Amino acid sequence: MQRYSILWADDEIDLLKPHILFLTKKGYDITPVNSGADALDQIKETPFDLIFLDENMPGMTGLETLEQIKATQPHIPVVMITKSEEEYIMEEAIGAKIADYLIKPLNPNQILLSAKKILQRQTLVTEKTNRNYQQEFRAISMAFSEEMDFQEWAEVYKKLVYWELEIEDTIEQSMEEVIEMQKDEANANFSKFIAENYESWLNDDVPAPVLSHDLMYEKVFPHLQADQPLFFILMDNLRFDQWRILAPTINNLFNVVEESTYYSILPTTTAYARNAIFSGLTPKEMQEYHPEYWGDELEGSKNNHEEDFLRVQLEEYELPIRFSYNKIIHANQGKNLVDNFQNLLHNQLNAIVYNFVDMLSHARTDMNMIRELAPDEGAYRSLTKSWFSHSSCLEMMKLIAERGYKLILTTDHGTIRTKRPYKIIGDRHTNTNLRYKHGKNLNYDTRNVYICKKPDRLCLPQGNLTSSYVFATEDYFFAYPNNYNHYVKYYRDTFQHGGVSMEEMIIPFIVLEPK
């Protein structure tokens with residue numbers, strides 16, 4: 001059993017001998033001192049895991065001692081102990097980032113609990129988390145053998161995200177391989193579920209989730225009000241786990257009124273899913289009704305008319321409102337929008353697209369530095385959080401909250417870390433996306449892919465008469481046989497989208513009201 005070293009500074013330290021003996025028996029080594037000055041001398045000589053600090057000492061007070069400790073040894077947790085219940089002392093101590101605050105008279109268990117909470121938290125959390133996940137593991141695995149609907153699949157995915165984040169917070173992350181294995185199993189079964197049900201959602205009178213082209217009418221327009229603006233922020237590529245990482249920061253500004261999910265259409269790409277959101281149309285309908293906005297065969301050129309599509313959708317539903325649309329690709333665009341926030345208040349709907357997460361995922365593919373910064377799921381989430389904490393998106397949210405307006409936060413699709421290559425052959429007109437292919441005479445193994453030979457059944461443009469779509473499932477990515485090894489090495493362990501996985505298709509929809 002590891003023993004911890006504690007420095008205890010109190011001018012009445014002799015009266016605390018029973019407490020010191022109690023803690024010694026529990027595995028803690030206590031160094032007692034009578035003053036703040038002695039405490040400062042000790043920490044220069046000896047490393048300590050924790051400091052108990054009496055506030056009311058003659059000479060240098062506890063608060064004064066605390067200030068000097070934090071200036072020289074900010075990493076050592078400090079527990080402030082005082083007889084006084086005066087609020088200003090508590091506020092000063094908390095402001096100085098103390099680890100705990102105890103009021104005399106003390107009892108031994110109170111001291112022990114504080115020490116355990118600070119020094120053994122990670123160990124205790126790890127043991128509890130691992131036990132609880134082991135119990136839940138069986139229940140989640142059994143669910144895969146049952147006939148789940150789209151709502152139940154969303155709940156399973158949320159559970160897996162929850163446990164993935166909990167395990168990430170444990171020492172050594174000993175259950176990491178187990179949760180990864182269970183996620184892989186879940187995605188294999190989810191892919192079968194999509195293959196069996198997705199076409200029916202689009203064509204038959206069956207219960208279906210809200211899909212991309214339903215989103216504005218079903219979940220956004222009902223929040224419109226005549227007397228105040230609604231802000232709609234679409235942060236592209238935002239997975240549900242990334243939302244959960246950003247949530248604590250956002251919760252400082254807003255109350256979460258609704259935390260739900262909806263399903264991205266296929267392909268899970270900006271050109272298809274995001275345009276479907278703003279148009280309220282399926283890709284097939286976009287091409288048929290608005291070829292001037294969405295007719296070009298090049299996927300990248302399909303992303304230039306989201307504002308036009310939103311205008312068309314508002315007219316379709318006879319909503320003659322003032323609206324704005326802003327797409328933030330560069331940092332200066334985000335700053336300019338924040339600076340001109342007042343102008344947005346004249347609109348009933350303000351749609352803002354932040355492209356950073358999409359740029360991050362693609363940069364991770366293309367730039368060695370980003371690949372080093374985000375080598376796995378946890379690092380990818382951390383990088384997203386770091387960006388958000390210093391972004392114009394957060395600055396915009398702060399202004400929205402300060403002015404008391406409702407905010408809807410969502411995304412167009414997620415991403416998945418691709419690990420396994422899948423050989424495919426297509427002609428030079430086949431698209432370049434690694435998670436879906438659209439073209440004629442595609443040649444591939446029919447296992448572990450979702451095949452669409454009749455695009456109109458998935459509400460997709462036909463293209464050539466012999467054209468078909470094939471979607472990568474689970475964590476596969478398409479690779480051409482030419483220069484295969486180089487291609488695989490370059491794209492393995494990168495975050496991609498376009499195919500069928502829980503991460504790409506089950507995505508967050510959050511309604512926030514200011515605190």
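Visitor: Why is Thr261 called buried?

Guide: Thr261 has a relative accessibility of 18%, and buried means under 20% relative accessible area, exposed over 50% and partly exposed in between, with a 1.4 Å probe and protein chains only, so Thr261 counts as buried. This is a predicted model, in which local features need pLDDT of at least 70 and side-chain atom pairs count only at pLDDT 80 or more, while totals for chains, interfaces and linings use all residues. Residues are numbered from 1 along each chain as its sequence is written, and side-chain values use heavy atoms, with hydrogens and water left out.

Visitor: Where is Thr261, and which residues is Thr261 in contact with, leaving aside its neighbours within four places in sequence?

Guide: Thr261 lies in strand β7, residues 254-263 (strands, E, of at least two residues, and helices, H or I, of at least four, are DSSP runs numbered from the N terminus). Contact means heavy atoms within 4.5 Å, and those neighbours aside, the partners of Thr261 are Ala154, Lys158, Phe240, Ile506, Ile507, Pro508 and Phe509.

Visitor: How do you know that the sulfur of Cys459 is too far for a bond?

Guide: A disulfide is a pair of cysteine sulfur atoms within 2.5 Å, whereas the closest cysteine sulfur to that of Cys459, in Cys452, is 9.7 Å away, and therefore too far for a bond. By this rule the count is 0 disulfides.

Visitor: What makes Cys452 and Cys459 buried or exposed?

Guide: Cys452 has a relative accessible area of 5% and is therefore buried, and Cys459, at 13% relative accessibility, counts as buried.
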